Amino acid sequence: MTAIPLTHILVLSTLLFFIGVFGFLTRRNLIAMLMGLELMLNSVNINFIAFNKYLYPEQIEGLGFTIFIVAIAAAEAAVAIAIIINLFRTTHHIDAEQADSLKY
Amino acid sequence: MPSLNNLLLILLLPFCSFLLLGLAGRKRLSPLAGILGTTSLFISALLSVHSAWTYFSSTSSHKPEVAWSMNWLQFSDSLSIDMGVLVDPISMMMLVVVTVVSFMVHLYSLGYMKGDERFTTYYAYLSLFTFSMLGLVVSVNLFQIYMFWELVGVSSFLLIGFYYDKPSAVSASKKAFIVTRFADLGFLIGILILGHGAETLDFNTLIARLTDPSSPWLGALSAGSFLGASALTWGLLLVFMGGAGKSAMFPLHIWLPDAMEGPTPVSALIHAATMVVAGVYLVARLFPVFAIACPVALDVVLWTGIISSVFAALIACAQTDIKRVLAYSTMSQIGYMMFALGLSGYGGEAGLGYTASLFHLFTHAFFKALLFLGAGAVIHMVHSNEIKDMGGLRKRMPVTHLAFLIGCLAIAGIPPFAGFFSKEEILTAAYAANPVIYWIALITAGLTAFYMFRLYYLIFWSRESGVSNAHPVDEHHGEGTISMKLPLLLLSVGAVIAGLVPFGNYVSSDGTPLHIHLHIGDAVLPVLIALTGIGIATYFYKTESSKPAKLMQSMRVFYMTLHNKFYIDEIYLFITKNIVFPLIGRPAAWFDKFVIDGTVIAIGRTTDRIAETVRVMQTGRVQDYALFFIASLITLAVFAIYLFH
Amino acid sequence: MMDPSLIAFYAISAFILVTGFMTVISTRLFRSAIYLLFSLIGIAGLYFLLEVEFAAAVQIIVYVGGIVVLIIFSIFLTNQGGASMPFPHLIRRNVGAAAAMAGAAVVGTLAAAYEWHPFPITFDTSMSRIGHMLVGTGEGSLVLPFELVSVLLLAAMIGCIVIAMKSRHEEK
């Protein structure tokens, strides 16, 4: 379906990515930050698929990388949540502002 | 032509011995160290005598030849530095002198240094010195000679400061190092001038280029004028400055008497027989350039030599430390060699001075090493360097007494001992060249006989009872072991017969044999003067009396001047303390402290302050880092895309 | 008349962006997670629209069925289900917004300014092709990354267990 211009899809993914960035930068809750991260990963996925479909339709490696990114995102989310739970258990909060024991 | 393998072996044996003893042997080889070093030197000495024998007996005309050469550093097509072995009469002669005397000293040290806790280190240093000195004498180019020159300087420094827990030894080693370094600076600049002008560092090429009157290199070097002398003159004078520093010529001699703080065998080897004559060797090596291209520089050599000679002889008369007397006599004798070189011409009969100088170097090595080793035996026995602690030792130490007497006769120039022949040649050459020099040299010869016999009588005669109570004789020591007596006897033989070598047949300024005829008539006056000196010494010092003290009283000012070595050390101290330190040292220190150090410290402080400021960015909050990251990324992207695309 | 697929695209895009934005500004964590869920479903819809059904299926199964559930789980584990979150610092929010907008502006301008030349052939995403790509050994197949990802997943699983495990010291 080539009626949808590629540029529009790219703009969509860009906006989604920076929404994720905004979330990552501003949320104080670590789980909420993780959500921002998921949005960023998804916008990348959209780009992969869009470029693959529009510019190199004879190949499907873009799709393959989307699948890998999903797998890695799953692994990353699991590890991040494990860390968050461990942090919660030791400090009884998951506030990114307060988790600053690595400062100078 | 001696075999190359032998020549390389002569050099490498001491070097291997140094490596083995210095690196591996500290603990394990300790009992063997002396044997090992002595054996390797013994082989070395045999090989050198054999090489010299084959060399001198093979041909009659001896031109310098490069026996072996290795391209070591290739800087450009025209400039490369080689390491090699040069074979010519003087290098062969020096090989023999160095290895033989070094072997004697190694052997002697077996007894003298026995029980010293740094015995192995001592032998390692001795081997290092021997290797460096051998490398110096076979050098094929100026750079190689400079390298080994510095190496002998270092080994001399190490050995002077061998008893490093003695403050006087430490300061003496520093003094020797600094004074010779200062002279070597001149040497280096001289090398650069000559090397730049002749576009080569190789001796043979250099000499060939700088002695041919039509060569463009000689023309270029002698054309310009700087402070009234051409570049060639300056180069040669600076090279001679290095030689004067090493050979303790006036006014760079101040380190030599202090260098006597080292172990006595070391003084015998380094500060009497070998290293200190390196300056003479250097001038002899470049002699054609001096003689043909630049007689002015040769005049400087002449006057430096004669002044040092008489100056040191005067001081030696008033010293009370046995080794210092010998040190000043060394300086005086080297002055003899220097002025003999200085008054010599190139080639034929005019080159008598050259032959005589090297002949004297040859004989002097034997009798001076003998005197030092004899003095070492005395010091070993009475545990003191002061003459007043000695006296009447002739019955206790018969071998040493005999050896010392032979040494004294040899240095005084009494026939038929070695010193007579070489000194006679020098005086003949001087008589032919310049009567003033001849008379000064004669007076010096008389002084030499006087102070040597003064020393001899004060040690072995004077007091009959023997040794003062302050330093009781260690009866267990006796005269020392056989390893100490043997070198004395061998060197005594050398001091007697070394003069009979037909030296002129072998060593001459232009490589062709020079037949020397000594006239009995010429020899009468010098021998008479020497005998007079001996006679005066006998009158004053043979038996203990108040005569010397009276003499001292009557010429008090003169005596004190001599005793204090013409106050040269004090003058240097005055100059350094009152002129060099405040005018150069302090400003340099100030500059170093506030400008150079200040810059460095300021850089450090600035870094520190910036870091202190930047540190607060490390908040520990992950979102701040992410923000910095993204902001920087965007900035970089904008720059990359819009400004530099 | 606009193309129906274009209209559908705009609708889906709006949905994704709005729910995505709500995800990052909602003050209640649980609601945030639900918004994220909808956003991800919207992306799956976009994949359907682009006729990449396999990606859409993976999106729904892994993201919606796996990751979001995991996130909700962790919300409950940290006892914050209904709690409203503290507001971010004002400075941080403004700076973050500025950074995000600047980035969006830069990248968006770039994307819009470049003239793309789509390839007019159909994008074949049949299952067998995808299968050959993922575990085949021919040209352009990704069997090595595939295996690596499986190792990564195993490592992540072990890592999670180790990190989240209660240490003995704590139990006492």
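Visitor: Where is C:Glu51 in the chain?
Guide: C:Glu51 lies in the loop between helix H2 (29–49) and helix H3 (53–77) of chain C. Helices (H or I, at least four residues) and strands (E, at least two) are DSSP runs, numbered from the N terminus. This is a predicted model, where local features need pLDDT of at least 70, side-chain atom pairs count only at pLDDT 80 or more, and totals for chains, interfaces and linings use all residues. Residues are numbered from 1 along each chain as its sequence is written, while chains are lettered from A and ligands numbered from 1 in the order in which they are written.

Visitor: What is phi of C:Glu51 near?
Guide: Phi is near 65° there, a positive value in a residue other than glycine.

Visitor: And is C:Glu51 buried, exposed or partly exposed?
Guide: C:Glu51 counts as partly exposed because it has 15 C-beta neighbours inside 10 Å. A residue is buried if 20 or more other C-beta atoms lie within 10 Å of its own, exposed if 12 or fewer, and partly exposed in between, with C-beta atoms placed from the backbone.

Visitor: Which residue of chain B has a positive phi?
Guide: B:Ala248 has one, with phi near 55°, and this residue is not a glycine either. B:Ala248 lies in the loop between H9 and H10 of chain B. B:Ala248 is buried, because 29 other C-beta atoms lie within 10 Å.

Visitor: What sort of peptide bond joins B:Phe250 and B:Pro251?
Guide: That bond is cis, with omega about 5°. B:Pro251 has its place in the loop between helix H9 (231–246) and helix H10 (255–258) of chain B. Another cis bond runs from B:Pro415 to B:Pro416, with omega near 5°. B:Pro416 is in the loop between helix H17 (398–412) and helix H18 (418–433) of chain B.

Visitor: New topic! How many helices and strands does chain B have?
Guide: Chain B comes to 26 helices and 2 strands. Strand E1 (residues 65–74) and strand E2 (residues 80–87) of chain B pair in the antiparallel sense over 8 bridges. To pair, two strands need at least two bridges found between them by DSSP. A hairpin of 5 residues joins E1(B) to E2(B), and B:Met70 stands opposite B:Met83 in E2(B).

Visitor: Which residues are buried in helix H7 of chain B?
Guide: In H7 (residues 203–211), they are B:Phe203, B:Leu206, B:Ile207, B:Arg209 and B:Leu210. What covers the buried residues of H7(B) includes E2 and helix H6 (167–198) of chain B.

Visitor: How many residues are in the largest nonpolar core?
Guide: It has 216 residues, and B:Phe290, B:Ala369 and B:Leu370 touch the most other members. The largest share of this core, 20 residues, comes from helix H16 (residues 352–382) of chain B. A nonpolar core is a set of buried Ala, Val, Leu, Ile, Met, Phe, Trp, Tyr and Cys residues joined through C-beta atoms within 7 Å. Apart from that core lies another, of 68 residues, among them A:Leu34, A:Ile46, C:Ile43 and C:Leu50.

Visitor: How many residues of chain A and chain C take part in their contact?
Guide: The contact takes 64 residues from chain A and 74 residues from chain C. Two residues are in contact if their C-beta atoms, placed from the backbone, lie within 7 Å. On the side of chain A that touches chain C, the largest share, 22 residues, comes from H3(A). By class, that side of chain A has 45 nonpolar, 13 polar and 6 charged residues. Ala, Val, Leu, Ile, Met, Phe, Trp, Tyr, Cys and Pro count as nonpolar, Asp, Glu, Lys and Arg as charged, and the others, Gly among them, as polar.

Visitor: And how many residues of chain B are in contact with chain C?
Guide: 7 residues of chain B are in contact with 7 residues of chain C.

Visitor: Last one: what is the mean pLDDT of chain B?
Guide: The mean is 84, and 96% of the residues of chain B reach 70 or more. pLDDT is the predictor's confidence in each residue, from 0 to 100. Over residues 466–472 of chain B the pLDDT is below 50. Where pLDDT is low, the predicted coordinates should not be read in detail.
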